[in-house]
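Student: I have a structure to read and would like to work through it with questions. Can we begin?

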Amino acid sequence: MKFSLQILIVILLVGGLFFWRNRHVNRYDSVVGLMNQIKKKSAEDRELMLKSALTQVKLSSFQLKDRLPVMDSSGSIIELAKIVDQKVLVYRISESYCSECNKAQLPYIGTISNRLGPNRVFILGSFLNKESLAMYVRSNQIKVPAYNISAATLSTLPMETLHLPYFFVLDKGGLISSVFIARKEIPSLSEAYCKMISNDLSRN
């Protein structure tokens, strides 16, 4: 029962993002309908729950503004578009988020990087300065690129209001897709999401 309630919370968050940003009433209604169905499911249907939740995740998409500045590990300011020449997985974190929430997803980053290569996944963080980000990278033994960005730059994205770490796929045109709000309480959902995205990116 606890697992089912946690899944419902994630789906509600994802569905809420669709509603706030795109005002797609039919899409939002489908999420609510899915939630009502899941309430009646038994433990044996957890795999179906995961697949249904991930299907809803794949529907999300947002467009980033042009020329978003980020800071690399050396302190140089570059445009985000210049470091994305193909679809990549981005893990969005902030030092203002729950530290354990941020850390809980890092093993999945490593797994995807090992499969696809370090240039297919990176961290987009909001830290006080490059030293704070560098310290975070070192202390957590992160092996993928990490960039610093002002939280205000991304404030128009609805998922930023949740103050939780999240994943998304980013293409070279600045299109965000497959947004996933990561919850440390539901590792099985994070694992399923990362497996799905890893498979998708391996074909692109």
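**Helix, core, pocket and cysteines**

Student: What span should helix H7 have at 1.5 Å a residue, and how far apart are its end C-alpha atoms?
Tutor: This is a predicted model. Helix H7 covers residues 187–202, which is 16 residues. The expected span is 1.5 Å times one less than the number of residues, so H7 should span 22 Å. Its end C-alpha atoms agree with that, being apart by 22 Å.

Student: Which element gives the most residues to the largest nonpolar core?
Tutor: The core has 28 residues, and those touching the most other members include Tyr-193 and Ile-197. Both are among the buried residues of H7. Elements giving two or more residues to this core include strand S4 (88–94), helix H5 (106–116) and H7. With six residues, the element that gives the most is H7.

Student: How many charged residues are in the lining of the largest pocket?
Tutor: The largest pocket holds about 160 Å³ of space. It is lined by 15 residues, with Lys-65, Asp-66, Arg-67, Ala-81 and Gly-174 nearest its centre. By class, the lining has six nonpolar residues, three polar, and charged residues numbering six.

Student: Is Cys-101 buried or exposed?
Tutor: Buried means under 20% relative accessible area. Cys-98, at 33%, is partly exposed. Cys-101 has a relative accessible area of 10%, so Cys-101 is buried.

Student: How many disulfides does the structure hold?
Tutor: A disulfide is a covalent bond between the sulfur atoms of two cysteines. To count here, a pair of cysteine sulfur atoms must lie within 2.5 Å. The number of disulfides in the structure is zero.

Note on methods: Residues are numbered from 1 along each chain as its sequence is written. This is a predicted model: local features need pLDDT of at least 70, side-chain atom pairs count only at pLDDT 80 or more; totals for chains, interfaces and linings use all residues. Side-chain values use heavy atoms; hydrogens and water are left out. Buried means under 20% relative accessible area, exposed over 50%, partly exposed in between (1.4 Å probe, protein chains only). On a 1 Å grid over the protein atoms alone, a cavity is a set of points where a 1.4 Å probe fits but cannot get out, and a pocket is an open set with protein on both sides within 12 Å along at least five of seven lines; lining residues have an atom within 4 Å of a point. Grid points are joined across faces, edges and corners, and a volume is the space filled by probe spheres set on the points. Ala, Val, Leu, Ile, Met, Phe, Trp, Tyr, Cys and Pro count as nonpolar, Asp, Glu, Lys and Arg as charged, and the others, Gly among them, as polar. Helices (H or I, at least four residues) and strands (E, at least two) are DSSP runs, numbered from the N terminus. A nonpolar core is a set of buried Ala, Val, Leu, Ile, Met, Phe, Trp, Tyr and Cys residues joined through side-chain atoms within 4.5 Å.
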